[in-house]
Amino acid sequence: MTDEMLEKARENAQKGGFTNVEFKKGDIENLPLDDNSVDVVISNCVINLAPDKAKVFKEIYRVLKTGGKLMVSDVVLIKPLPEDLKNDKDLLVGCVSGAILKEDYLNLLKQTGFVNITIHKEVPAFLPDFGLSITFSATK
Ligand SMILES: C[S@@+](CC[C@H](N)C(=O)[O-])C[C@H]1O[C@@H](n2cnc3c(N)ncnc32)[C@H](O)[C@@H]1O
């Protein structure tokens, strides 16, 4: 996330007259939010880019209030990537080579403590032999 991205978001909010939004700069592995302070976390295609997905889920769990909801669209793998593809930078920015196996991803969510993990949609993603775009919700 860059300062330019935040500046643009703030400009757009002002243009649209949205006074009830706030933009904070932070890393998904270290959220700049208090414990138990958030009702809903949404994320679209970011978690696959984070090297430490267990830390990401722990952070989301930490900031959510009890009963808070997580709604995510992300890319997972349906089978392991060969070594050469794992190290392909284009596939990393294409949201595939940073992804982990669907089973491991869902297990991490469960191990973190999330319940009611429900997959709403699955579609082949980017490199369809390997990638799967999933949309799911979960509850703290
Ligand atoms: C595929 S884009 C998705 C952007 C947006 N969520 C959307 O739906 O259009 C991935 C975004 O994740 C951000 N990103 C990557 N690693 C991140 C991290 N560790 N913490 C926070 N954001 C990150 C990048 O800056 C980029 O904007």
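Leu70 has its place in strand β2. The model is a predicted one, and the chain is assigned to domain 1 (1-28) and domain 2 (31-139).

**Leu70**
- Leu70 is buried, because 23 other C-beta atoms lie within 10 Å, and the cut-off for a buried residue is 20 or more.
- Leaving aside residues up to four places away in sequence, Leu70 touches Val41, Ile60, Leu64, Phe114, Ser137 and Ala138.
- Leu70 and Ile42 are 28 residues apart along the chain, and their C-alpha atoms are separated by 6.0 Å.

**The nonpolar core**
- The largest nonpolar core consists of 22 residues, and those with the most contacts inside it are Val75, Val76, Val96 and Ala99.
- Two or more residues of this core come from each of α2, β2, α5 and β4.
- Strand β2 gives the most to this core, namely five residues.
- Val76 touches Ala99, Ile100, Leu101, Lys102, Tyr105, Leu132 and Ile134, again without counting residues up to four places away in sequence.

**Helix α5**
- Which residues of helix α5 (residues 102-112) are buried? They are Tyr105, Leu109 and Thr112.
- In general, an α-helix has 3.6 residues a turn, so residues three or four places apart point the same way.
- The exposed residues Glu103, Asn107, Lys110 and Gln111 are carried by the face of α5 that is turned away from its buried side.
- The packing partners of the buried residues of α5 are α2 (53-63), β2 (64-77), β3 (115-124) and β4 (131-139).
- Gly113 follows α5 and has a positive phi, near 120°.

**The ligand and the domains**
- The residues that surround the ligand are Met1, Asp27, Ile28, Glu29, Asn44, Cys45, Val46, Leu49, Ala50 and Cys95.
- Domain 1 (1-28) and domain 2 (31-139) each provide at least three residues of the shell around the ligand.
- Taken over C-alpha atoms, the centres of domain 1 and domain 2 are separated by 23 Å.

Note on methods
Residues numbered from 1 in each chain as written. Predicted model: local features only at pLDDT ≥ 70, side-chain atom pairs only at ≥ 80, totals over all residues. Near = placed C-beta within 6 Å. Domains from an automatic or database assignment. Buried ≥ 20, exposed ≤ 12 C-beta atoms within 10 Å, placed from the backbone. Helix = DSSP H or I, 4+ residues; strand = E, 2+ residues; numbered from the N terminus. Contact = placed C-beta atoms within 7 Å. Core = buried A, V, L, I, M, F, W, Y, C linked by C-beta atoms within 7 Å.
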